[in-house]
Amino acid sequence: MCGIFGYSGNKDTNDLVFNGLKRLEYRGYDSWGIAVLDENKIHQYKDIGLVQQNPDLKKLPKSKVGIGHTRWATHGGVTKTNAHPHISTTKDFTLVQNGMVENFDTLKKELKEEGYKFKSQTDTEVIVKMVERELKKGVSLKKALMIAFKKLEGRNTVALLDAKSDKIYAIKNGSPLVIGVAKDGIYLASDSLSFSPHTKKIIVLDDYDMVEIDGKDYVIENIKDGKKKKPEVKTLKYQYEDIDKGKYPHFMLKEIVEQQKTILYATDYSEKELEPLVKQIKKSRKVYLLGAGTAGFAAGQIAYFLRTIANVDAMEIKSYEFKSYLPVISPKDLIIAISQSGETADTIEPLEILKEKGCKIASIVNMYGTTISRMSDYEYYTNAGPEICVASTKVFTAQSAWGYLLSMTLAGKYRTAKGKLKKLTKSLDEIFTKKSFSYIKNKIGKTLVDKEHFFILGKGENAAIAYEGALKIKEISYKHVEGFSAGELKHGVIALIEKGTPVIGIIPSEEHKEDNKDLISGMEQVKARGALTIGIGAPEFADLEIFDYYISTPQINTLGSIANVIPFQLISYFLSVLLGNNIDKPRNLAKSVTVK
Ligand code: M6R
């Protein structure tokens with residue numbers, strides 16, 4: 001879970017790599033480093049913490065070729081020595097890696113026995129020494145890298161800067177690697193977003209593809225079959241010139257507010273575009289939706305829509321829990337993968353196995369050309385634009401809204417769905433007001449700031465929203481928050497309620513009679529035990545005495561559930577602002593979890 005960036009061309013590399021790393025910081029932000037070349041000599045700069053303008057960086061010489069890395073530590077602590085790039089003993093090459101060498105212990109032991117000395121605790125340095133070992137046998141650097149790479153277990157992608165030839169060599173396996181083809185040179189990165197201001201023309205590498213970049217030229221060959229290849233150069237639909245916070249103090253707030261637009265982008269599909277998937281769902285025995293974290297909750301929400309709107313036999317599986325379902329999943333079933341990054345290892349693993357089993361795969365992904373979309377028979381995109389904050393907000397609602405449109409299309413109600421989605425996004429105006437932000441921050445946020453344990457109750461269409469709401473608050477505020485189906489209350493959860501315990505209830509409109517009754521009675525019961533009660537949902541219940549605080553949300557049929565998640569995002573945001581936490585980069589987390 002790291003970011004790789006490289007450049008070779010006419011422009012000065014230092015700023016390019018530095019700015020590229022800033023855009024890749026969501027992939028890992030505990031340390032970073034840059035290596036550039038000057039007269040066949042490698043110059044490196046490494047630092048711990050966020051990628052920040054550092055006067056020392058200016059000491060790097062001007063260069064036309066370089067590589068960089070943002071790290072999310074796996075092997076070895078957060079130190080400058082463990083930061084990438086890792087330079088060879090002779091200082092002839094330096095290397096960065098994204099992934100995890102699973103046979104690291106065995107390889108390191110072998111190398112140590114052979115007399116190799118290590119400075120860092122990383123698995124990356126093991127790769128460097130393995131290349132050195134091959135070089136000693138007299139092969140070229142390119143060949144040495146190929147041989148060493150083939151011995152690595154796990155998902156690994158590496159980029160190597162060769163001081164003697166001024167070339168960059170990179171090999172991909174599992175962790176993503178994209179080439180950007182621009183007039184000024186060749187870009188290389190873990191995602192196309194990082195070089196988006198420079199080019200829309202991209203090549204997505206396959207596993208075991210090696211690219212050799214020499215000035216503005218590149219050659220790709222697959223190291224498994226040894227064949228050279230000329231993959232198609234694709235042109236991206238969107239180019240994101242600036243990825244900045246604009247008028248907002250944090251990306252999280254910007255991304256929350258963007259939802260008025262992104263819900264519509266994610267559902268900007270014609271019936272014709274959805275038709276292949278609609279047909280596949282109709283002929284499938286069962287639909288399984290796979291995802292992890294927030295994407296796992298979106299999978300639950302989409303499964304709910306498919307069942308209740310389109311009578312489809314659909315259920316979500318947490319991707320990391322797929323194994324016990326394997327005996328019952330048949331090739332007649334359809335798998336829909338949900339992912340923001342398209343690179344989540346926990347989700348890729350089951351997809352590989354299920355594809356092999358003969359299941360058809362569909363996906364809804366935010367990032368273009370990623371592993372998950374490339375594995376899919378039916379490839380859809382949320383098109384929500386870059387989501388920089390580690391905590392997912394706009395992509396959750398985008399995924400859920402796409403699932404709603406799909407379900408309504410299956411039910412023959414495509415046009416109605418489009419109308420309702422428009423209405424939903426318009427009515428979000430009510431939440432995005434100064435008054436409502438101030439209420440959430442100054443009334444609710446300030447009340448919650450000293451509390452340590454909160455509980456969230458939802459039911460039916462709001463069950464997945466309760467789980468997602470809890471995850472959102474946990475991730476940024478570091479408070480202990482649990483989401484439950486309101487049905488669980490009497491079966492155990494109520495034992496935790498004492499005077500002042502915050503309980504947030506998601507209140508559906510009376511259209512969902514049963515769920516509404518259960519939620520109101522659940523909130524009455526916790527209130528009777530002294531809970532601090534907050535309601536989120538249908539405006540007509542805002543004045544009930546059982547609520548200490550209430551945030552009204554627009555309830556447009558079952559789409560009310562999508563609106564209901566937004567107050568949780570805002571509570572998470574404002575509470576964490578009050579706590580002084582790092583909003584966009586919460587501790588211990590990375591945006592894209594590409595290792596298991
Ligand atoms: O990229 P993905 O959507 O597949 O990522 C899955 C989870 O790691 C992700 O949703 C994570 O839970 C987020 N930090 C939630 O905000």
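Q: How does the span of helix 3 (residues 123-136) compare with the one expected at 1.5 Å a residue?
A: This is a predicted model, and in it helix 3 has 14 residues and reaches 20 Å from its first C-alpha to its last. That is close to the expected 20 Å.

Q: What makes helix 3 count as largely enclosed by the rest of the structure?
A: Look at how many of its residues are buried: 12 of the 14, so the helix is largely enclosed. Those buried residues are D123, T124, E125, V126, I127, V128, K129, M130, V131, E132, R133 and E134.

Q: Which elements do the buried residues of helix 3 pack against?
A: They pack against helix 2 (104-113) and helix 4 (141-150), plus strand 5 (86-87), strand 6 (93-99) and strand 7 (156-162).

Q: Why is E25 called buried?
A: Buried means under 20% relative accessible area. E25 has 6%, so it is buried. You'll find E25 in the loop between helix 1 (13-24) and strand 2 (31-38).

Q: How do you know that the side chains of E25 and K585 make a polar contact?
A: A polar contact needs a pair of N or O atoms within 3.5 Å. The one between the side chains of E25 and K585 is at 3.2 Å. Leaving aside neighbours within four places in sequence, E25 is in contact with K585, L50, V51 and T70.

Q: What makes T382 buried or exposed?
A: T382 has 0% relative accessibility, so it counts as buried. T382 sits in the loop between strand 20 (378-381) and helix 11 (394-410).

Q: Which side chain does the side chain of T382 make a polar contact with?
A: That would be the side chain of N366, at 3.0 Å, and the cut-off is 3.5 Å. Setting aside neighbours within four places in sequence, T382 is in contact with several residues, including T262, Y265, A266, V395 and Q399.

Q: Which residues are closest to the ligand?
A: Of the 15 residues that surround the ligand, the closest are S339, Q340, S341, T344 and E475.

Q: Where do polar atoms of S341, T344 and V390 lie relative to the ligand?
A: A polar side-chain atom of S341 is 2.6 Å from an oxygen atom of the ligand. For T344, a polar side-chain atom lies 2.4 Å from a ligand oxygen atom. With V390, a polar backbone atom is 3.2 Å from a nitrogen atom of the ligand. As for cover, the ligand taken alone exposes 410 Å², and the protein buries 90% of that.

Q: What makes C2 and C359 count as buried?
A: The cut-off is under 20%. C2 has a relative accessible area of 5%, so C2 is buried. C359 is at 4%, so C359 counts as buried too.

Q: Where is K254 found, and what is it in contact with?
A: K254 is in helix 5 (residues 251-257). Neighbours within four places in sequence aside, K254 is in contact with D244, K245 and Y248. L160 is 94 residues from K254 in sequence and 36 Å away in space, C-alpha to C-alpha.

Technical notes
Residues numbered from 1 in each chain as written. Predicted model: local features only at pLDDT ≥ 70, side-chain atom pairs only at ≥ 80, totals over all residues. Heavy atoms only, no water. Helix = DSSP H or I, 4+ residues; strand = E, 2+ residues; numbered from the N terminus. Expected span 1.5 Å × (residues − 1). Buried < 20%, exposed > 50% of the residue type's maximum accessible area, 1.4 Å probe, protein only. Contact = heavy atoms within 4.5 Å. Near = heavy atom within 4 Å. Polar contact = N/O pair within 3.5 Å; in protein donor to acceptor, adjacent residues only side chain to side chain. Areas by Shrake-Rupley, 256 points an atom, 1.4 Å probe, with all protein chains shown as cover.
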